[in-house]
Amino acid sequence: GLPARVRIHEVGPRDGLQNEKSTVPTEVKADFIRRLAGAGLTTVEATSFVHPKWVPQLADAEKLFPLVSGLAGVRLPVLVPNDRGLDRALGLGAREVAVFASATESFARANLNRTVDEALAMFEPVVTRAVEHGLRVRGYLSMCFGDPWEGPVPVEQVVRVTRRLADLGCDELSLGDTIGVATPGHVAALLTALNEAGVPSDRLAVHFHDTYGQALANTLAALQHGVSVVDASAGGLGGCPYAKSATGNLATEDLVWMLHGLGVETGVDLGRLTATSVWMAEQLGRPSPSRTVRALSHK
Ligand code: HMG
Ligand code: MG
């Protein structure tokens, strides 16, 4: 069966914008986050406290976070790769953080300048300290299905790294299809293997990029396997600067359209969300790639 309700983990302001070439003004980002919260999204990933040279678009995290941290009723997770990132996040009163590991060596190197083991060793004290501060901690795992340098990623390899990330003490683990190559059978196989390895679906989220148009089908497969937290990006913005051929995330509007059609609650007002993505597309100077945004805004 399907869950009665899905919590959408909105990643537009972070994953959606991190790859954007032109610098988006901090005030526009803040407005984007406010509008997303106003549309009923209860988790909005706000920014990253990473090295500003690695992701220049998010170099304004110190300016942005205080503009939105007072928003009521919305969780604002931020990415932190290391102790320095956690210090910055704690200094601004962040209540929720995410570390981001890789199932493959190639992407660990490209994204974190570390081996898989070195990256996990870097996260260990970060997760421990975050938990001590009472923060909620998410652990991302990238390249769970395919890797642009290594090709298909074996399920056992993903299970192994997921287990280690889980053992660090992350509350929630988000399985990333960074380059959008997964198909529903592969999703089902991975979730089954994870459940068998002692990682239950109620600890998991799914994070699909829509490169091959499979993100919704993959999401449905995950829901059928007990997952009820789904990552998505308003308007389908996004891509990872350190992964070749990564396009936008699953569009939040496409996800909401499917879920509401299935009778699954999200708490999201689709009209307000679509208006937000149309507004953001104007800021960025190009139309949203989301089919639902296009359908609902061309009437
Ligand atoms: P490094 O070059 O190995 O850094 O990068 P380092 O540890 O050697 O430190 C070098 C210098 O950077 C030091 O300064 C540090 O203080 C400074 P110095 O002493 O030389 O003056 N530094 C920092 N400054 C500010 N904030 C920090 C920070 N850390 C170090 N946090 C590092 C290692 C992890 C920092 C770098 O690789 C990095 O920032 N990577 C982030 C890449 C990134 O953000 N990628 C996108 C997010 S992941 C993603 O999109 C996938 C996801 O969506 C899921 C999916 O789709 O699969 C989550
Ligand atoms: Mg991503």
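These legends describe close-up views of a predicted model.

**View 1. The nine-strand sheet.** The strands of this open sheet follow the order E2-E1-E11-E10-E9-E6-E5-E4-E3, and their pairing is parallel. Strand E2 (43–44) and strand E3 (47–48) stand at the edges. Each of these two has a single partner strand, so one side of each is left without a neighbour in the sheet.

**View 2. Strand E11 and its two neighbours.** Strand E11 (residues 229–232) is joined to strand E1 (residues 7–10) by four bridges, and the two run parallel. Arg7 has Val229 of E11 as its bridge partner. Strand E10 (residues 204–208) is also parallel to E11, with two bridges between them. Here His207 stands opposite Asp231 of E11.

**View 3. The two faces of strand E11.** In a regular strand, side chains alternate between the two faces of the sheet. In E11, Val229 and Asp231 lie on one side, while Val230 and Ala232 lie on the other. All four residues are buried, and both faces of the strand are covered.

**View 4. Strands E5 and E6.** Strand E5 (residues 96–102) pairs with strand E6 (residues 136–142) in the parallel sense. Seven bridges link the two strands. Ala101 is found opposite Leu141 of E6.

**View 5. Helix H2 against helix H11.** Two packed helices are described by the angle between their axes and the distance between the axes. For helix H2 (residues 26–38) and helix H11 (residues 270–284), the angle is about 165° and the axes are 9 Å apart. Angles over 145 degrees count as roughly antiparallel, and H2 and H11 are therefore roughly antiparallel to each other. The crossing of H2 with H11 is left-handed. From H2, the residues in this contact are Val28, Phe32, Arg35, Leu36 and Gly38. They meet Arg272, Thr276, Trp279, Met280 and Gln283 of H11. Sorted by class, the contact of H2 with H11 holds five nonpolar, three polar and two charged residues.

**View 6. Helix H2 against helix H3.** H2 also packs with helix H3 (residues 61–68), their axes coming within 9 Å and crossing at roughly 35°. H2 passes H3 in a right-handed crossing. On the H2 side, the contact is made by Thr26, Lys29, Ala30, Ile33 and Arg34. On the H3 side, Lys63, Leu64, Leu67 and Val68 take part. The contact of H2 with H3 has five nonpolar residues, one polar residue and three charged residues.

Technical notes
Residues are numbered from 1 along each chain as its sequence is written. Chains are lettered from A and ligands numbered from 1 in the order in which they are written. This is a predicted model: local features need pLDDT of at least 70, side-chain atom pairs count only at pLDDT 80 or more; totals for chains, interfaces and linings use all residues. Axes are lines fitted to C-alpha atoms, for helices over the stretch in contact, and angles run from 0 to 180 degrees between N-to-C directions. Angles under 35 degrees count as roughly parallel, over 145 as roughly antiparallel, 65 to 115 as roughly perpendicular and the rest as oblique. A crossing is left-handed if the near helix is turned anticlockwise from the far one by less than a right angle, and right-handed if clockwise. Two residues are in contact if their C-beta atoms, placed from the backbone, lie within 7 Å. Ala, Val, Leu, Ile, Met, Phe, Trp, Tyr, Cys and Pro count as nonpolar, Asp, Glu, Lys and Arg as charged, and the others, Gly among them, as polar. A residue is buried if 20 or more other C-beta atoms lie within 10 Å of its own, exposed if 12 or fewer, and partly exposed in between; C-beta atoms are placed from the backbone. Two strands pair if DSSP finds at least two bridges between them.
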